[in-house]
Amino acid sequence: MGRVEGKTALVTGAARGQGRQHAVRLAQEGADVILIDICADIPGAGYPMATPEDLAETVRLVEKFDRRAVSSVVDVRDRPALQLAVSAAVDTLGALDVIVANAGICPIGPDFPVTAFADALDVDLIGVLNTVHAALPFVSAGGSIIATGSVAAMLPNAVNNPANGPGGAGYGLAKQFITDYVVVLARQLAPQGIRVNAVHPTNCDTDMLHSAPMYKAFRKDLDQPTRADAEEAFPRMQAMPIPYVEPDDIAHAVVYLASDESRYVTGLQLPVDGGALLKI
């Protein structure tokens with residue numbers, strides 16, 4: 001306990017899934033948390049987004065550890081709104097030490113229109129850039145910036161598999177850009193003592209994975225695959241005999257990269273993938 005004691009962390013996509021778990025684990029380890037989520041559906045995503053009630057629950061879970069939480073309903077595609085929300089939260093909490101740019105969508109599948117390419121790229125890449133660039137002026141030496149990538153960025157055909165559709169191509173391209181972005185930004189910020197790293201999950205047990213488009217992506221042989229159908233295919237992604245990792249598995253990596261335990265770790269691509277990359 002106390003691995004990030006006294007720090008303040010910003011987490012996007014914080015209302016549920018990986019973002020919620022990052023926020024809760026950071027609070028459990030001593031951080032105050034700024035929580036940001038769109039809390040509204042994105043029509044091109046193909047599955048429901050989190051709700052204001054989900055965000056309120058994340059606030060409750062953070063405060064259960066006697067840590068302060070400031071939440072804002074903001075679309076990460078809207079940089080001016082992000083700048084206002086982050087500035088107000090820092091005024092309230094007094095500092096910003098950690099940025100976790102986590103918000104993302106995955107409108108995967110051949111049935112999506114070409115606009116899904118823009119939707120995925122705008123949220124998964126532009127949203128990360130907006131988050132980091134809006135919050136960066138508040139981060140000082142010793143700070144840590146963490147971006148959520150994906151093993152999809154490192155797999156063959158990440159952007160040119162027709163079965164993934166335009167949204168899948170946009171998702172893969174966004175995550176590929178993130179791998180390069182963290183390295184280049186890490187080089188720029190190293191003289192200031194600010195670290196930049198990416199965590200790359202495999203399948204993760206969240207609402208994004210458990211959605212109709214994702215089930216269909218894994219079971220193209222079925223017209224309307226169920227969760228049980230998809231569960232049969234999920235393990236093919238990893239070398240280890242698991243269908244997916246849990247949000248807490250990713251949160252452990254985030255806490256490490258947020259803490260001073262990783263004070264000299266920067267420009268790192270950290271897969272939490274059950275051996276998915278071993279199968280390349």
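## The nonpolar cores

In this predicted model, the largest nonpolar core comprises 43 residues. Leu10, Ile34, Ile36, Leu96, Ile99, Val132 and Ile145 have the most contacts inside this core. At least two core residues are supplied by each of strand S2 (32-37), helix H3 (79-93), strand S4 (96-101), helix H4 (115-135), strand S5 (139-148), helix H5 and strand S6 (195-201). Helix H4 provides the largest share, with eight residues.

In soluble globular proteins, nonpolar side chains tend to be buried together.

## Surroundings of Ile99

Leaving out residues up to four places away in sequence, Ile99 touches Leu10, Thr131, Val132, Ala135, Leu136, Val139, Ser144, Ile145 and Ile146.

## Helix H1

Helix H1 covers residues 17-28, twelve in number. From its first C-alpha to its last it reaches 17 Å, close to the 16 Å expected at 1.5 Å a residue.

The helix is mostly covered, with nine of its twelve residues buried. These buried residues are Gln18, Gly19, Arg20, His22, Ala23, Val24, Arg25, Leu26 and Ala27. Just after H1, Gly30 adopts a positive phi of about 110°.

## Pro166 in helix H5

Pro166 belongs to helix H5, which spans residues 165-189. Its relative accessible area is 19%, so Pro166 counts as buried, the cut-off being under 20%.

Beyond its neighbours within four places in sequence, Pro166 contacts Gly109, Phe112, Pro113, Val114, Ala116 and Phe117. Leu209 stands 43 residues from Pro166 along the chain, and 18 Å separates their C-alpha atoms.

Key:
Residues are numbered from 1 along each chain as its sequence is written. This is a predicted model: local features need pLDDT of at least 70, side-chain atom pairs count only at pLDDT 80 or more; totals for chains, interfaces and linings use all residues. Side-chain values use heavy atoms; hydrogens and water are left out. Helices (H or I, at least four residues) and strands (E, at least two) are DSSP runs, numbered from the N terminus. Buried means under 20% relative accessible area, exposed over 50%, partly exposed in between (1.4 Å probe, protein chains only). Contact means heavy atoms within 4.5 Å. A nonpolar core is a set of buried Ala, Val, Leu, Ile, Met, Phe, Trp, Tyr and Cys residues joined through side-chain atoms within 4.5 Å. The expected span of a helix is 1.5 Å times one less than its number of residues.
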